[in-house]
Amino acid sequence: MFGGVSTCEGYHRPDIYGVTPATSKTRFSVNVWGCITYHGQGSLKVLEDRINAEKYLEILDQCLWLTVQEYFPDGGYIFQEDNAPIHKANLVKMYFQGKNTTPLPWPAYSPDLSPIENCWSLVKMKLQKEIHLVTSSADLAQRVTTIWQSLPLPCFKALYESIPRRLMAVQIAKGHLTKY
């Protein structure tokens, strides 16, 4: 299971008398946390503010464990997150110890091979097709949530099945960037 945060942005250009001024636009932005499994997308949480370790634990309590219960009621999962500072905070490490869960170790300065990054890209591409309909941050958050929920199951399966190819590509590139 992979988890992560992404920022989705949109711009609204007001339509004045049928003309959209090129210089007049309003920027909207929302941060979201989500997780994915081979069996489908997990919970998505729209974040109100920047997150610190305490807020991250609230997100895990509200979202991660619901996904674990839904897809892995008997256990048997591995959780992976990137090396964001909040993920490495002592408070977060102690939290996972208390839950008898150890996130997959992720080397520092490693290529980001997490398939959830591909999901975020897919959400953003779909969002761009609808961005002209976004008129507020709340509307942006709703559209991102709707897109997230509509991602098809074969997408997740294909991303997970690509992991061996991703790892091989990193080995061939000797740790440098790959197409993934």
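Trp65, Phe79, Tyr95 and Phe96 are joined into a cluster by ring pairs. This is a predicted model, and a search through the whole of it turns up 7 aromatic pairs. Two of the pairs are set out here.

| Pair | Centre to centre | Angle between planes | Geometry |
|---|---|---|---|
| Phenylalanine 2 and tyrosine 160 | 5.4 Å | 65° | edge-to-face |
| Tryptophan 120 and tryptophan 148 | 5.0 Å | 25° | stacked |

Phenylalanine 2 sits in strand 1 (residues 2-12) and tyrosine 160 in helix 6 (residues 153-161), so this pair ties together parts 158 residues apart in sequence. Both phenylalanine 2 and tyrosine 160 are buried.

The tryptophan pair also links distant parts of the chain: tryptophan 120 belongs to helix 4 (residues 116-130) and tryptophan 148 to helix 5 (residues 137-150), 28 residues apart. Tryptophan 120 counts as buried at 2% relative accessibility, and tryptophan 148 is buried with a relative accessible area of 2%.

Back to Trp65: it is one of the buried residues of helix 1, along with others including Tyr56, Leu60 and Leu64. Helix 1 covers residues 53-71, 19 residues in total, and spans 25 Å from its first C-alpha to its last, close to the expected 27 Å. There's a kink of about 35° centred on leucine 60. At the N-terminal end, asparagine 52 caps the helix, with a side-chain oxygen 3.1 Å from the backbone nitrogen of glutamate 54.

How far can you trust the model? The chain has a mean pLDDT of 85, with 88% of its residues at 70 or more. Over residues 13-21, though, pLDDT stays under 50.

Key:
Residues numbered from 1 in each chain as written. Predicted model: local features only at pLDDT ≥ 70, side-chain atom pairs only at ≥ 80, totals over all residues. Heavy atoms only, no water. Helix = DSSP H or I, 4+ residues; strand = E, 2+ residues; numbered from the N terminus. Expected span 1.5 Å × (residues − 1). Bend = angle between axes of the 7 residues up to and from the residue. Buried < 20%, exposed > 50% of the residue type's maximum accessible area, 1.4 Å probe, protein only. Polar contact = N/O pair within 3.5 Å; in protein donor to acceptor, adjacent residues only side chain to side chain. pLDDT = per-residue confidence, 0-100. Contact = heavy atoms within 4.5 Å. Phe/Tyr/Trp six-rings, centres within 6.5 Å; stacked < 30°, edge-to-face > 60°.
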